[in-house]
Each structure stands twice: as C-alpha cells, then as structure tokens.
Amino acid sequence: MSFDLASALDHALHPESLGAEGAARIHRVPVVGGTIRVLERPGPGRPVIILPGFGAPIQPWDDCYRRVMDHAHLLVIETMEKSSAHITDRTTADLSMSGLARQVAAAIQHLQLADASIVASCHGAAVLLEGIRLGVLKPRVALAFDPMDRLFPPRWLTEWVGPCLPVRLVSRLRDPIGALVLRRMKEPHQRARVEAFIQAAEPWRWIQTARLSAPFHLLGNMAGIDHEVLVFAGSTDAMHRPETAMAVARELPRGRFFHVPVEETHREALVAALARAVSADQLDNFAAYEIDRAQL
C-alpha cells in the first residue's frame, strides 16, 4: 500500500486534549534548580519524545499531540523555559541551551527511556542537537524539524537591552509588543499559535533564557556530531526556512535532509505524522522526500 501524505496529514484528532485532566500521566522530574514536567500517553510502538518549540504551552501544539495520542507511545518533555516547569532556585536554574539539553537527558534517565526516539521542532530541535553534541542525548532516532540556528530576536535585544529591563516592566510591555507582532501574522493558524505562545510567556524565564541563549549558534558548531540526524523542513514562515534546515543537514557529518512542503496550517500535523512513523518504524514512508546529500 503506497504512502499518502494527504491522508497522513488529515489523521483524525483525538477527542480530548493531551492537557485534559487524566489524558496523560504527569511526571515531575527533578533537575538543577527545580522540576520539569513530562506528559506521557502510552500507546503502541516504540516510545517517541516530542520536544516542542521555545516556551510552547500545550494549546498551540495540541493539533500535533491529538494526532499521535493512542497511535504511538507519546511523551512530551517540557524544558524549564516553559511555564509548566517549577523553578525553586533562580540562582542555579540553568536556562541556557546546554542546560535545557541536560534537562531532557535527566528526564530520559529518570523515566528509563534510553531506547526512545526524539522528534524535536525549532528551538526544541536546537536543544536536541546541542544535547547530541555534548554527548548527553543519544536517541534511537534523532529527528530535527525546522531546526533553529539562533534565537529569532536580535542579539542586542536579548543579550543587552532585555536583561536590563525590570521584570515588572517587561510584563507590562508583553501585551502591546505582542499586538505589534501579531499584526504581521496574516495566516490565522500561525497567528493563533503565536498568540498562545505570547500569553504563556513568563517574563523572568524569557529574559533569562534569551540572555543565556543569545550567544548560541547551531550553524558552525556541529562538525563533531557523530550521530545520524534526520533533518526535516516543512512549511515556510518568518521563523522557519527550508534553507536553514538544509544548511544544518549539510553541516552534520551524518545529516540527512527531507523537504516535505506543506501549508502553515499543516505544520503540526506533519510533526505528528513523523512522530507516528518514528514510533512504528515506518520512516521509509518519507523516503521520496529525501534530498540526496550531494545536492545539499
């Protein structure tokens, strides 16, 4: 039976949210400076971990999770920049890229998930690759979807101006700045996702994460990664460009690049299809979308 991408993207949504009471097992994993949350929904196949983007709450990613629930053994690891994490000691909580990667590693060890695969998007994909580079993450399958090279805001804002602003002032500026950002968003699906992302923002976490992550660049720092990584590009918007994903795959010694062009409304549905395929060992379904390494 041949693979039909349209059917994979239109996969039925589970009737309830992964964030609904009782829909997932909730694990609180101790990490330096606090605890992080892991949601687990048992299902068929091998365990697959999804690492969503920067600060992402459940709501904008539920389109993805509800297409995976009961079709794979699903886990979602929410690192410390997300509001679900409990920070008990601000002096030791590490919100740098390497710190977030070590939190993912701590969750994998805590839940004994050494055989799990990781499907990671945008900022989560950068965390995945940083963890592999450091040697703390060694997933069975490493899949980076629209990997982020660096944080989207300019470095002068994240590293110099942002940390100087009082948290109370940043809180007051969140809504007007968010409104300006949303004015640029014409596509309703993308707009709803970004709006949820802004409303979930906790200024202190964002200031710390932005300051510590500002010097980070993925490109130029991956030559030593000796691990096969499948790099996927999907929809195109201001923050997700196929050219960046291709450059990441090119730099990785064992990088493989797949371009699956989809509309913005299908971005999370594509991640869900990839997660189901990883869990069921059916990634060969996407073989037709792989770009030969010689063409990168």
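Ala, Val, Leu, Ile, Met, Phe, Trp, Tyr, Cys and Pro count here as nonpolar, Asp, Glu, Lys and Arg as charged, and the others, Gly among them, as polar. The model is predicted, so local features need pLDDT of at least 70 and side-chain atom pairs count only at pLDDT 80 or more, while totals for chains, interfaces and linings use all residues. Residues are numbered from 1 along each chain as its sequence is written, and side-chain values use heavy atoms, with hydrogens and water left out.

Begin by selecting Leu51, Pro52, Ile77, Thr79, Glu81, Lys82, His123, Gly124 and Val127, which line the largest cavity; a cavity is a set of points, on a 1 Å grid over the protein atoms alone, where a 1.4 Å probe fits but cannot get out, and lining residues have an atom within 4 Å of a point. By class, this lining holds 4 nonpolar, 3 polar and 2 charged residues.

Next, select Ile49, Ile77 and Leu129, which touch the most other members of the largest nonpolar core, a group of 49 residues; such a core is a set of buried Ala, Val, Leu, Ile, Met, Phe, Trp, Tyr and Cys residues joined through side-chain atoms within 4.5 Å, where buried means under 20% relative accessible area (1.4 Å probe, protein chains only). From Leu129, show the residues it touches beyond four places in sequence, including Ala144, Pro147, Met222 and Val248, contact meaning heavy atoms within 4.5 Å.

Finally, go to His227, which is buried, with a relative accessible area of 17%. Leaving aside neighbours within four places in sequence, His227 is in contact with Ile132, Lys138, Pro139, Ala142 and Arg254.

Technical notes. On a 1 Å grid over the protein atoms alone, a cavity is a set of points where a 1.4 Å probe fits but cannot get out, and a pocket is an open set with protein on both sides within 12 Å along at least five of seven lines; lining residues have an atom within 4 Å of a point. Buried means under 20% relative accessible area, exposed over 50%, partly exposed in between (1.4 Å probe, protein chains only).
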